[in-house]
Structures are given as structure tokens and as C-alpha cells.
Amino acid sequence: MEDLLKCNFCGRKKNEITFLISGISGHICNFCIEKTYFIIHKKFLDAEKKKNGFSQKKIKKPKEIKSFLDKHVVEQNEAKKILSVAVYNHYKRILHSKNQKNENEDVEIEKSNILLIGNTGTGKTLLARSISKLLKVPFAIADATTLTEAGYVGEDVESILTKLLQSVDYDINSAEKGIIFLDEIDKISRKNNNPSITRDVSGEGVQQALLKILEGSVINVPPQGGRKHPDQKMIPINTENILFIAGGTFDGIEKIVSDRIEKIPIGFLTQERVKKNNNYLKNIISTDLKNFGLIPELIGRFPVITYLHPLNKNMLKRILLEPKNALIKQYQKLFNMDNISMNITDKALDVIADKTFQVGLGARGLRTFCEKIFLDYMYDIEKTQPVLNIDENIVMNKIIN
């Protein structure tokens with residue numbers, strides 16, 4: 001009778017297995033036990049990895065981060081260096097947060113959000129996006145100009161977290177380790193000289209509303225963005241480990257910096273030295289941001305401040321060719337898909353860079369001119385020759401026309 005016993009899961013007989021465990025009304029063999037254990041163990045292991053998120057990954061060292069950024073962004077070495085260190089320290093802080101509580105209860109490392117200051121098209125958004133791509137963490141871009149105080153037409157500040165949630169299909173654990181790029185942060189500056197009697201609903205009020213999110217708190221987020229409704233189910237998100245990178249042009253802040261510097265007595269920093277460098281943003285401090293219109297509490301949430309140099313003609317030309325996703329490489333690949341080899345002369349690149357510099361739109365202006373140059377060739381792609389050579393005369397004709 002004992003020889004007829006078999007596993008109720010796989011059907012193996014007793015003589016085919018090592019041992020058989022008997023239950024109240026059934027039996028299970030060692031093979032099925034091992035398989036069950038593997039399934040359960042893997043499930044809990046995956047759940048733990050998902051919960052810990054970034055902590056399971058190896059943190060890239062600052063030099064590795066900068067090396068990656070060098071492939072995507074031309075120049076801006078100081079900004080890339082500062083960003084690399086800040087991002088490294090931020091995710092190192094997350095990784096060691098558990099050990100921190102046990103070993104150094106008296107030392108708590110605070111979050112260091114980053115403020116990027118620079119003209120349009122200098123690479124602020126690209127730097128933030130490239131870092132998220134390298135670290136493989138969720139990334140979202142929010143436009144500060146769309147935000148208004150609660151109760152007014154526009155978006156609540158919580159909507160910027162909704163975008164991060166949506167980018168990871170509402171995976172809260174992943175979102176809580178992500179990066180948010182807050183663009184046009186300078187546009188919510190306090191309107192000091194505005195004589196209007198109406199409330200500054202898109203200025204100081206928004207800055208006040210952002211404080212709690214930036215510092216690190218549990219925020220109730222509307223799942224679809226927009227305004228919160230009493231009957232809408234909220235999603236709680238802890239922003240303690242979300243890295244905020246804010247960017248803005250801060251048009252006019254150079255004058256604020258120059259006015260402050262030129263009041264400094266000779267012996268500390270002479271006017272001649274400042275004028276020779278002609279780079280006031282390098283000397284920006286929190287007082288200048290306050291005079292621009294940001295409230296001190298908001299400035300305090302961005303302890304890491306760096307600037308991006310304005311792009312000159314040489315930098316614009318390098319942007320066309322050198323980055324991993326350089327525009328010229330993109331167009332060459334598009335033509336290659338139709339078996340067309342596209343070549344462009346060095347002088348033609350000079351013309352594009354020169355015209356873009358005159359427009360003053362930074363790297364974004366390069367695409368505008370490239371679209372004009374290549375549009376007709378792509379529209380009549382079947383008539384385009386197998387070898388397409390673009391020289392300065394073609395570029396000039398396309399841009400002028």
C-alpha cells in the first residue's frame with residue numbers, strides 16, 4: 001500500500017523521489033517543496049528589491065557621472081562637476097539611510113536640491129535628463145509658470161508629483177527615488193514692483209506652496225493632476241528622497257550681482273577684475289536671488305547653486321557634431337534609413353552656428369535652422385541623390401529663403 005503513495009502535486013511515485021511529506025489528505029515530494037520555496041523566495045526578493053529601489057543599484061561615482069554628461073553636453077564643466085557631486089551625495093544618502101539610523105543617530109544628512117542658472121538653450125534640462133538616464137531613475141519635467149496658488153486658475157504644486165507618478169505607471173516606491181526638473185523657476189519670483197492690488201497668485205504664493213514638497217514631506221497627490229476635489233482619492237508620496245533640480249534664466253540677475261560686486265572695496269575684488277572676467281553669474285550668492293524675488297525659505301531649499309555659461313559660436317558648432325545625440329548625427333541617421341549618405345562641410349557648420357548665435361536661442365536654435373536646411377530633401381526623399389553634400393552656399397540659400 002505504501003508503494004502506491006505519490007505526490008499530489010506532480011504525480012511522482014514514492015520510489016521516484018527522495019522523500020515524501022504526508023499531510024491530512026495529501027502528500028508533497030521534495031522536488032515540489034524545492035520548487036515552491038524558490039517561487040516564494042523569488043517573490044519576496046523581487047518585492048524587497050522593488051521596495052528598496054535605488055538602494056539595490058551601484059551608485060555611480062562623481063567622475064563617472066561627469067564622464068557620462070560629457071558625452072551629452074558640450075563644455076559647462078564646472079556645472080557638470082557640481083551636479084555630479086550633488087547627485088552622488090544625494091543617492092549615497094538614500095543608500096545609507098537605514099545604516100544612518102543605527103550608527104549615527106545624531107547626524108542627519110539633509111537633502112540638497114540643485115538650482116541651475118543659465119540662458120535658454122544652454123543645457124539645463126539636458127543635464128537633468130541625462131543624469132536620470134544614467135542612474136535609471138524616474139524623471140519628470142514640470143513647468144513652474146503653470147503653477148498658481150490653491151483656489152486659482154492653474155495647477156496646484158502637487159501636480160508636479162503627479163507627472164513623476166505617471167512616468168512610472170503609479171509605482172510609488174520608484175517615484176519616491178526619482179528626479180523632478182522644475183523649469184522656469186525664476187518666473188515665480190515675487191513681483192516687488194507690481195503696483196497691482198490683486199494677489200500675486202503665481203509668484204510668492206507658489207513659492208510658499210513649494211516649500212513643503214521640496215524639503216521632504218508626505219504629500220497627498222491627485223492621481224490625474226489638476227485641481228484636488230473632495231471626492232478624489234489621493235495618493236500619498238514621501239518627497240524626502242526625490243531630488244529636485246530647478247532651472248531658470250533669471251533674466252536681469254547679472255545686474256543685481258554686478259551692482260553688489262562693484263560696491264565691494266578695492267582689496268577684496270576690484271572692478272577691473274570683475275569687468276575683465278565679465279561673468280557675474282560666477283559670483284552669484286543667495287542675497288542676489290532674494291533681491292531677484294525668491295523668498296529666503298525657497299532659496300534655502302536649494303543649497304547647491306551653479307550656473308551655465310552662455311553659448312558662443314564655437315560651442316554651438318561643437319554641439320552640432322560632438323555629443324552622443326548631436327543634431328548632425330541624428331540627421332545622418334535619418335538619411336541612412338533611406339540609403340542616403342549625408343555630408344556637411346565645416347564652413348556650412350560655421351554658417352549654422354553663426355546664424356544661431358545671432359538669434360540668441362542657444363542650442364534650441366540649431367534645430368530650427370537644421371529643419372529649414374533639410375526639409376526639402378526629406379520631403380522629396382525619393383528624388384534625393386544617394387550622396388547628399390551640404391555646403392555653405394546651400395545653407396545660406398535655405399536659411400535666407
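**Entry 1: ground rules.** I keep in mind that this is a predicted model, in which local features need pLDDT of at least 70 and side-chain atom pairs count only at pLDDT 80 or more, while totals for chains, interfaces and linings use all residues. I number residues from 1 along each chain as its sequence is written, and side-chain values use heavy atoms, with hydrogens and water left out.

**Entry 2: the whole chain.** I noted 17 helices and 11 strands in the chain, where helices (H or I, at least four residues) and strands (E, at least two) are DSSP runs numbered from the N terminus. Of the 401 residues, 42% are buried; buried means under 20% relative accessible area, exposed over 50%, and partly exposed in between, with a 1.4 Å probe and protein chains only. I also looked at contacts (heavy atoms within 4.5 Å) between residues at least 6 apart in sequence, and 69% of these join residues at least 24 apart.

Entry 3: Two strands count as paired if DSSP finds at least two bridges between them, and strands of a sheet pair through backbone hydrogen bonds, either parallel or antiparallel.

**Entry 4: strand 5.** I followed strand 5 on both flanks: five bridges join strand 4 to strand 5 in parallel, and strand 5 pairs with strand 8 in the parallel sense over four bridges. Asp143 stands opposite Asp183 of strand 5, and Phe181 has Ile245 of strand 8 as its bridge partner. Are the residues of strand 5 mostly covered or uncovered? I found strand 5 mostly covered, with five of its five residues buried; Ile179, Phe181 and Asp183 point one way, whereas Ile180 and Leu182 point the other way.

Entry 5: I picked out Thr125, which is found in helix 5 and is buried at a relative accessible area of 16%. Leaving aside neighbours within four places in sequence, Thr125 is in contact with Ile141, Phe181, Asp183 and Arg364.

**Entry 6: helix 2 against helix 5.** The axes of helix 2 (residues 62–70) and helix 5 come within 10 Å and cross at roughly 120°. That makes helix 2 oblique to helix 5, since angles under 35 degrees count as roughly parallel, over 145 as roughly antiparallel, 65 to 115 as roughly perpendicular and the rest as oblique. Glu64, Ile65, Phe68 and Leu69 of helix 2 meet Leu127, Ser130, Ile131 and Leu134 of helix 5. By class, I recorded six nonpolar residues, one polar and one charged in this contact, where Ala, Val, Leu, Ile, Met, Phe, Trp, Tyr, Cys and Pro count as nonpolar, Asp, Glu, Lys and Arg as charged, and the others, Gly among them, as polar.

**Entry 7: positive phi.** I looked up two residues other than glycine with positive phi. Asp169 has phi near 55°, is found in the loop between helix 6 (159–167) and helix 7 (172–175), and is exposed with a relative accessible area of 65%. Glu184 has a phi of about 60°, has its place in the loop between strand 5 and helix 8 (204–215), and counts as partly exposed at 25% relative accessibility.

Methods. Axes fitted to C-alpha atoms, helices over the stretch in contact; angles between N-to-C directions.
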